[in-house]
Amino acid sequence: MLAWQIHSYGGNDQLTLSATNRIPMIKNPNDILVEVHAASVNPIDIRMRDGYGQKILNVMRNQGLINTRSEFPLTMGRDFSGIVVESGRNVKKFKPGDEVYGVLGAQRQGSHAEYTISSEREMAHKPNHLSHVEAASIPYVALTNWSAINTAGRLTANNTTGKRILVIAGSGGIGTFAIQLLKAWGGEIVTTCSGDASEQLLQLGADYTIDYKQQDVLTELNKLPRFDFILDPLGGDKGEQYSQFLKSWQNAKYVSIAPPFLKNFDNYGILPGLVKNIGDLGCSALKGAKDGKIIRWAVFAPSKQGLKTTTDLLNSRQIHPVVEKVFEFEDLPSAYEKIESGHSRGKTVIKMK
Ligand SMILES: NC(=O)c1ccc[n+]([C@@H]2O[C@H](COP(=O)([O-])OP(=O)(O)OC[C@H]3O[C@@H](n4cnc5c(N)ncnc54)[C@H](OP(=O)(O)O)[C@@H]3O)[C@@H](O)[C@H]2O)c1
């Protein structure tokens with residue numbers, strides 16, 4: 001089968017379209033072989049191509065927690081939409097021919113290939129009204145949002161109505177999904193974006209936008225009522241400054257999905273990285289606790305419940321895919337360039353079929 005792979009870390013020149021791969025085989029009875037029809041491209045693919053997370057992934061490989069023992073060749077791509085080719089003997093919900101969409105846990109080779117292996121807990125039936133390209137734009141950002149908003153943030157369809165929510169960077173893949181989910185659950189949403197993205201985000205459900213290029217975001221936030229929940233995809237030095245705009249009640253939460261975990265492992269090694277992570281997490285928690293606020297980090301994780309809720313919201317037309325650009329499979333390096341150059345307005349997807 002054809003697969004875009006790297007044989008060492010680096011820039012786009014490391015990407016090769018290899019035709020020598022065998023179609024992956026089902027080795028675990030819970031696994032499902034999927035013919036990939038479309039897959040999205042995310043900033044994580046660019047970072048993995050550059051070597052992000054390599055230290056911890058190698059530890060997992062040595063412990064047998066990753067399906068392939070060797071680091072290379074490595075295939076990127078964390079989500080897909082496609083058709084089930086074969087199911088392991090424990091699989092109950094999916095059969096060959098089913099149209100599915102889903103994600104790949106960190107232990108798996110990626111979806112930027114003609115076939116991939118996933119499992120029941122990582123996938124759902126594709127909503128019928130969506131094309132494979134539209135469906136592929138959803139799962140990775142949906143489940144990262146689920147991890148931040150529901151698992152860490154404790155927000156649900158039943159407790160979000162009327163809550164004031166700040167979504168930083170509303171115009172990207174994460175933000176365009178977050179705004180729609182939180183609006184479907186009844187939140188009042190303020191978001192930061194470049195001016196040209198404002199109209200699109202208001203249409204997706206944001207109530208108010210702050211143009212971070214023309215306005216001083218902290219000054220503008222200071223003029224607004226405080227928030228029950230802040231989602232921050234960008235993190236960094238500025239990130240936790242936003243927590244000052246949380247309401248002073250016990251459950252107000254700031255959640256960053258740009259934690260330093262993997263970078264600390266890459267920069268300092270496994271043990272010193274672990275110590276640094278514990279220190280960073282402790283500092284953040286203490287800073288928040290001092291003011292009675294909760295500061296959390298969240299990362300993407302497969303979630304059956306998250307995918308079910310997402311599928312229901314897609315089927316009831318409360319969430320719509322926001323596909324900005326589609327590239328042919330053969331042109332994948334251009335899709336990576338597009339993501340790397342920034343300024344996304346929704347999602348970039350590659351199309352195999
Ligand atoms: N922890 C995890 O598992 C996980 C998973 C997925 C994503 N993430 C994090 O989430 C980030 C965003 O992901 P994504 O998929 O949404 O990326 P994306 O699609 O590339 O979007 C990023 C968006 O942010 C906007 N932006 C840049 N700087 C900004 C600023 N200072 N204020 C407001 N908006 C700004 C960009 O547009 P303009 O530059 O034109 O304004 C772009 O629309 C990733 O970089 C990563 O850090 C984490």
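Analyst: A salt bridge here is a side-chain nitrogen of Lys or Arg within 4 Å of a carboxyl oxygen of Asp or Glu. The model is predicted, so local features need pLDDT of at least 70 and side-chain atom pairs count only at pLDDT 80 or more, while totals for chains, interfaces and linings use all residues. Residues are numbered from 1 along each chain as its sequence is written, and side-chain values use heavy atoms, with hydrogens and water left out.

The structure contains 14 salt bridges. One of them joins Asp50 to Arg49, with 2.9 Å between the closest N and O atoms. Burial is judged by relative accessible area: under 20% is buried, over 50% is exposed, and in between is partly exposed (1.4 Å probe, protein chains only). Asp50 counts as partly exposed because its relative accessibility is 42%, whereas Arg49, at 2%, counts as buried.

Glu220 and Lys223 form another salt bridge, their closest N and O atoms lying 3.0 Å apart. Glu220 has 14% relative accessibility and so counts as buried; Lys223 has 60% and so counts as exposed.

A further salt bridge is formed by the side chains of Arg108 and Asp31 (3.2 Å, N to O). Arg108 lies in the loop between strand E5 (99–103) and strand E6 (115–119), and Asp31 in strand E3 (residues 31–41), so the pair ties together parts 77 residues apart in sequence. Strands (E, at least two residues) are DSSP runs, numbered from the N terminus. Both Arg108 and Asp31 are buried. Together with Glu122, Asp31 and Arg108 are linked in a network of salt bridges.

Conventions
Helices (H or I, at least four residues) and strands (E, at least two) are DSSP runs, numbered from the N terminus.
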